[in-house]
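Please look through the sequence and the structure shown below before reading on. The report that follows takes up a pair of helices, then the overall fold, and then a pocket.

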Amino acid sequence: RIHASPMKVLTFANYKGGVGKTTMAANIGAYFAGLGKRVLLIDFDYQGSLSSTVLRASGRQEIQSHADRLLTGALTPAELVGQQFFLPPLLPQVALVPAGNVLNVQEGRLALRWFLQMDDADPRFALLRLLSHLDVLARFDIVIIDTPPRLSLATINALAASTHFAVPTILDSMSVENIGNLLENVDSIFRKNINPNIKLAGVIGTMTDEREAKDREVQAWESVKGRAIEKWGTSTHFFNTTIPDNVRFQEDAGKRIAYMDQRKDNLFTRDKLNSLGGELVERMRT
């Protein structure tokens, strides 16, 4: 039902931490909201970095975790499409399902209960069941999910429900194997079994040199491309836009959404995000 609907579900994933998943989720969410799209952000990392970033940017106080309730099935479609998760006045088109430490606890409990066959409902599909509800499909244009740097139960839920996923990565030698492992897992576990319609939006280079690519980045990018194509196939897309390791992104991490700053001295950053957002729009048309 999700794949047949106009609503898109985009997951940012990488088994390596510190590669810009949260920065991408927050800024691309703001980009789509700027296009007039109704955006749902889901924080599936119990550290709650996306939650903190978005709540601060919207001028809202911290609110309790609800991502754990999503996994247990306690979060209802009526709650999700209501007003409690929306973030007016600064982000009126954006809703956030925040995460906290309780998510980590619930993931462990649910995984154990599933292993012991104590529950009838398969916990891998809790998000899929929620997002495929007709009221939810009618309420949002795009769902953007931030995931932890591991194949957790929350990550499994995200990929099981996604129409597309994107892989932000630092361009260094250590990232090559991570990219290969992730794409191999998504292919063998999801594309061939759980979610055969999932599509790779592409691989995004992050924390690149702001002026021009250094030799090591060029070499790493070529290695990443080779590894990704080996595991996903020749249809693998690599975004032309890379996200630089500039002061703005460093200072905003976990605090603000760079895309929301429309001052002239932020034009370079906004141009980068507009370019990346435009590429994502094109990639998700199919």
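At roughly what angle do the axes of helix H1 and helix H2 cross, and within what distance do they come? In this predicted model, the axes of H1, which covers residues 21-34, and of H2, which covers residues 49-58, cross at roughly 35° and come within 9 Å. The crossing in which H1 passes H2 is right-handed.

On the side of H1, the residues that make the contact are Thr22, Ala25 and Ala26, while H2 contributes Ser49, Leu50, Thr53 and Val54. Sorted by class, the residues in this contact of H1 with H2 are four nonpolar and three polar, with no charged residues.

## The overall fold

The protein as a whole contains 12 helices and eight strands. Its radius of gyration is 18 Å, close to the 19 Å that the globule rule gives for 286 residues, so the protein is as compact as a globular protein of that length. Along the principal axes of the protein, the C-alpha trace spans about 55 × 45 × 35 Å.

## The second largest pocket

The second largest pocket holds about 280 Å³ of space. It is lined by 15 residues, and those closest to the centre of this pocket are Pro6, Lys8, Phe32, Lys37 and Asp141.

When the residues of the lining of the second largest pocket are divided by class, 10 are nonpolar and five are charged, whereas no polar residues are found there.

Methods: Residues numbered from 1 in each chain as written. Predicted model: local features only at pLDDT ≥ 70, side-chain atom pairs only at ≥ 80, totals over all residues. Heavy atoms only, no water. 1 Å grid on protein atoms, 1.4 Å probe; cavity = no way out; pocket = protein on both sides within 12 Å on 5 of 7 lines; lining within 4 Å. Points joined across faces, edges and corners; volume = space filled by probe spheres on them. Nonpolar A, V, L, I, M, F, W, Y, C, P; charged D, E, K, R; others polar. Axes fitted to C-alpha atoms, helices over the stretch in contact; angles between N-to-C directions. Helix = DSSP H or I, 4+ residues; strand = E, 2+ residues; numbered from the N terminus. Left-handed = near helix turned anticlockwise from the far one by under 90°. Contact = heavy atoms within 4.5 Å. Rg over C-alpha atoms; globule rule 2.2 N^0.38 Å.
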